[in-house]
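Q: Hi! Could you walk me through how the helices in this one sit together?
A: Happy to, let's look at it together.

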Amino acid sequence: MELFLEILGLAGDLIFWRDPPDGQRIEANIAALMAYSWFVELIEKPQYNKLVQENSSVRYVIGKMNIKKLKKSPMYEERKERKLKKVIQKQLALG
């Protein structure tokens with residue numbers, strides 16, 4: 001089921017192609033994510049915080065999040081939390 005949702009999300013991104021998020025949107029999303037305990041716990045770790053502040057792949061995922069939808073839908077929140085953590089782990093593995 002998770003794979004299906006990932007494929008569906010990717011298809012949606014391709015169909016509704018949008019410009020990549022700019023620095024202002026990314027910073028606004030980071031500020032909004034500070035209201036979520038899982039995000040605060042995540043950036044308390046120095047290596048994760050560094051990726052959130054500097055890594056383009058991690059920042060792209062943050063910038064693409066729909067904060068309004070994040071507030072309304074626990075399922076969307078869980079999906080985006082998993083996606084962000086997955087990208088962070090991948091970037092840490094790449095070193």
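Q: What do the buried residues of α2 pack against?
A: They pack against α3, α4, α5 and α6 (67-72). Contact here means heavy atoms within 4.5 Å, and buried means under 20% relative accessible area, exposed over 50%, partly exposed in between (1.4 Å probe, protein chains only). One caution: this is a predicted model, where local features need pLDDT of at least 70, side-chain atom pairs count only at pLDDT 80 or more, and totals for chains, interfaces and linings use all residues. Residues are numbered from 1 along each chain as its sequence is written, and side-chain values use heavy atoms, with hydrogens and water left out.

Q: Which residues of α2 are buried?
A: Ile26, Asn29, Ile30 and Leu33. They cover an arc of only 105° around the axis, so they lie on the same side of α2. That arc is taken from the directions from the helix axis to the C-beta atoms.

Q: And which are exposed on the other side of α2?
A: Gln24 and Ala31.

Q: Moving on to α4, which residues are buried there?
A: Tyr48, Leu51 and Val52. Their arc is only 100° around the axis, which puts them on the same side of α4. Pro46, Lys50 and Glu54 are exposed on the other side of α4.

Q: What covers the buried residues of α4?
A: The cover includes α2 (23-33), α3 (37-43), α5 (56-64) and α7.

Q: At what angle do α4 and α7 pack?
A: About 100°, with the axes of α4 (residues 46-54) and α7 (residues 74-94) 11 Å apart. That makes α4 roughly perpendicular to α7, a label for angles of 65 to 115 degrees. The axes are lines fitted to C-alpha atoms, for helices over the stretch in contact, and angles run from 0 to 180 degrees between N-to-C directions.

Q: Which residues meet there?
A: Gln47, Tyr48, Leu51 and Val52 in α4 meet Ile88, Gln89, Gln91 and Leu92 in α7.

Q: What does isoleucine 88 touch?
A: Leaving aside neighbours within four places in sequence, isoleucine 88 is in contact with Leu42, Tyr48, Leu51, Val52 and Val58.

Q: How many residues has the largest nonpolar core?
A: The largest nonpolar core has 21 residues, and Leu33, Val52 and Ile88 are among those with the most contacts inside it. Such a core is a set of buried Ala, Val, Leu, Ile, Met, Phe, Trp, Tyr and Cys residues joined through side-chain atoms within 4.5 Å.

How values were computed:
Helix = DSSP H or I, 4+ residues; strand = E, 2+ residues; numbered from the N terminus. Parallel < 35°, antiparallel > 145°, perpendicular 65-115°, else oblique.
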